[in-house]
Amino acid sequence: MNFITNLIGGLSLGGIYAMIALGYTMVYGIAKMLNFAHGDIIMVGGYTILVFTARSVHPIIAIILSVIFCVALGISVEKVAYKPLRGSSPLAVLITAIGVSYLLQSLAQMIFGSGTKMVQGLDLGSFSIGSLKIGVSTVVTLIACFMVMIALNLFVKYTRIGRAMVAVSEDKGAAQLMGINVNFIIMITFAIGSALAALAGTFYLMRSPSMYSTFGSLPGIKAFAAAVIGGIGSIPGAMLGGILLGVVEVFAGASVLGPYTDAIEFAILIVILLVKPTGFLGKKRREKV
Amino acid sequence: MKFVKHYLNYTVIGAFTIIFAILSLTGNLSASYAYLFEKVAISIILAVSLGLVVGFLGELSLGHASFMCVGAYLGGKVAQVIADAMGISGSDNFLILILSLVIGAACAALCGFVIGLPALRLRGDYLAIVTLAFGEIVRVIFTNAESFGGAQGMGTPRFDRKYLFVIGFLLVLVTLAVIQNLLRSKHGRAITAIRDNEIAAKATGINVTKYKLVVFTLSSAFAGIAGVLYSYANFNIQPSKFGYNYSIEILVMVVLGGMGSINGSIIAAALITYLNTKLPLILTGDLAVLQNLFYALILIALVIYNNAPALKGFREKYNLKNFWNKIFKPKHDPSKIRDDAARWDVVPTKIEMNEVLSTDIVIDNMGDNSADIGERGGNK
């Protein structure tokens, strides 16, 4: 019984990680950069929900507003901080991304203070099947995550923009020659990533409704690890990695190794990099001069 | 000029150390300033060693503070254990300090090697990810390890504050000597070649992975040394002190000083450490976060300014070097012939050929020419 509860909990947490990891992996695949500020977009989404629910806006509307706000933020961060550096060294972009992450955290701390704030109105209660007690939010998260992932897969496979995204990630120069507006595609990628981050933030808040300025850091880093484990740049890989990490986290947390859960997750990352550097589903890219 | 270029930083730091050591020994230096100098020395070691990885090797490490943490914990712990076994107090004992420095450096270097092994074989930003993960692992382990005091922190041996900053600055000199000499050697050229173009470096026969691993291990070892110093400078150490934010702060020092500039890192480290001590006195309460905001903005603005392809022309026109040259270097005067300028009325290649071949056959008129060339240093 305990096993099934843990499994469902793990899958739903894994779904959240997978959604965040998708943002990392898509941006990496298309813009060839690690967006360290992604975790902080989650935090901004969480605070947006906090602000609106505190003003007794309906939670659904608050969620939609948070998604819109995060998309706007993601796009503007890309335009202001990353776009000027396109074509320069990857290290410079990486450091700027860290700067943006640090900036967002400091801003949040300045506006909302360093204390923890509780978010109201996201608790959906729980139901029980036999002796099994499952939170409604867990099931909602699980279903929503899988729906989002399926929708994203369909989007990438069957729409014009989705195909263009694949083309840009394969070969930017050739895509540009084929008449694809690369800047627009990168913008769309950041928008989708940020929207997913906002949704993931919402689901994370359903698990534990406390908000603080480094709220997004740990799930962000874990999702990042998930993206690398699954193979960075690969969309199914991010899903696989996220779910794997979520399940590991819940099961390790329930066992004797509880306090060392985080260390175990990151140790998995290091071991995977040692054994299979491209991750489970990543493609090996040939280096060119 | 060569002296200024190569030895200025040793001279300045050495003179600084001697002056303040004398002040301290005669009892004219307050403990708060001694503590500030200790922190400055720690920051300089951290910034210079991180600068080696970020500025010269071109890899990003986000876990410099965690290597420091490993050094601080293990160095301090082993020193304490040995002192207890020998039945002496760990505090104020120079031998124990040296021992813990060596052990701290060795432990941090080992961690650096183990972490670098999977990450540095790969091309791309994997080192950033793995060091980030390593930081979390270290934090979790030391927070939960009861033998290291857990989240409460571990008490550390002490050293008289009068001397500790002197030792700190001596270690700064050691760090500088090792890193600068490494960079000026053949290996240093290899390291910068890897940064500039990894594939080209590989093609010229440089073992890229080996160099990256050696540099990263060395940098971690110095972080470990800084960690041991930190443990001696503070009453106790806590895992939360060596978090992600501390690593970022070191990175800010490196970026602010200019990536690939050791002297820049030194100045930025001293400046930021000073500001970190003084700013909390001005920015109290909620304003304290302004400091972080400020660092974040510096980081973004500097990196964009220094790297954006669109700003290239602007950068070349208005930079510190041009400004410096405008003020301090005399304008080029075509009427004045510089001493080392080549003279075209004689053909120097003939002389050099003679010297190279070192033959005894000297053609008559050539001899005249060489005598003529020999005097060209004179004022004509």
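**Helix packing and chain contact**

User: Why are H3(B) and H5(B) called roughly parallel to each other?

Analyst: In this predicted model, helix H3 (residues 64–86) of chain B and helix H5 (residues 126–144) of chain B pack at an angle of about 30 degrees, and their axes are 9 Å apart. Angles under 35 degrees count as roughly parallel. H3(B) and H5(B) are therefore roughly parallel to each other.

User: Which hand does the crossing of H3(B) and H5(B) have, and which residues meet there?

Analyst: The crossing of H3(B) and H5(B) is left-handed. On the H3(B) side, B:Ser66, B:Cys69, B:Val70 and B:Tyr73 meet B:Phe134, B:Gly135, B:Val138 and B:Phe142 of H5(B). Six residues of this contact are nonpolar, two are polar and none is charged. Glycine counts as polar, and B:Gly135 is one of the residues in H5(B) that meet H3(B).

User: What makes H9(A) and H10(A) oblique to each other?

Analyst: Helix H9 (residues 217–230) of chain A packs against helix H10 (residues 235–254) of chain A at an angle of about 125 degrees, with axes 7 Å apart. The roughly perpendicular range is 65 to 115 degrees, and roughly antiparallel requires an angle over 145. H9(A) and H10(A) are therefore oblique to each other. Their crossing is right-handed, and by class the contact has nine nonpolar, four polar and one charged residues.

User: What is the class make-up of the contact of H3(A) with H8(A)?

Analyst: The contact of H3(A) with H8(A) has 14 nonpolar, five polar and one charged residues. The residues of H3(A) that meet H8(A) include A:Ile63, A:Val67 and A:Glu78. Glu counts as charged.

User: How many residues of chain A are in contact with chain B, and which helix of chain A gives the largest share of that side?

Analyst: 40 residues of chain A are in contact with 38 residues of chain B. Helix H4 (90–112), H9 and helix H11 (261–275) of chain A each supply at least two residues of the chain A side. H4(A) gives the largest share, 15 residues. By class, the side of chain A that touches chain B has 30 nonpolar, eight polar and two charged residues.

Definitions and conventions: Residues are numbered from 1 along each chain as its sequence is written. Chains are lettered from A and ligands numbered from 1 in the order in which they are written. This is a predicted model: local features need pLDDT of at least 70, side-chain atom pairs count only at pLDDT 80 or more; totals for chains, interfaces and linings use all residues. Axes are lines fitted to C-alpha atoms, for helices over the stretch in contact, and angles run from 0 to 180 degrees between N-to-C directions. Helices (H or I, at least four residues) and strands (E, at least two) are DSSP runs, numbered from the N terminus. A crossing is left-handed if the near helix is turned anticlockwise from the far one by less than a right angle, and right-handed if clockwise. Two residues are in contact if their C-beta atoms, placed from the backbone, lie within 7 Å.
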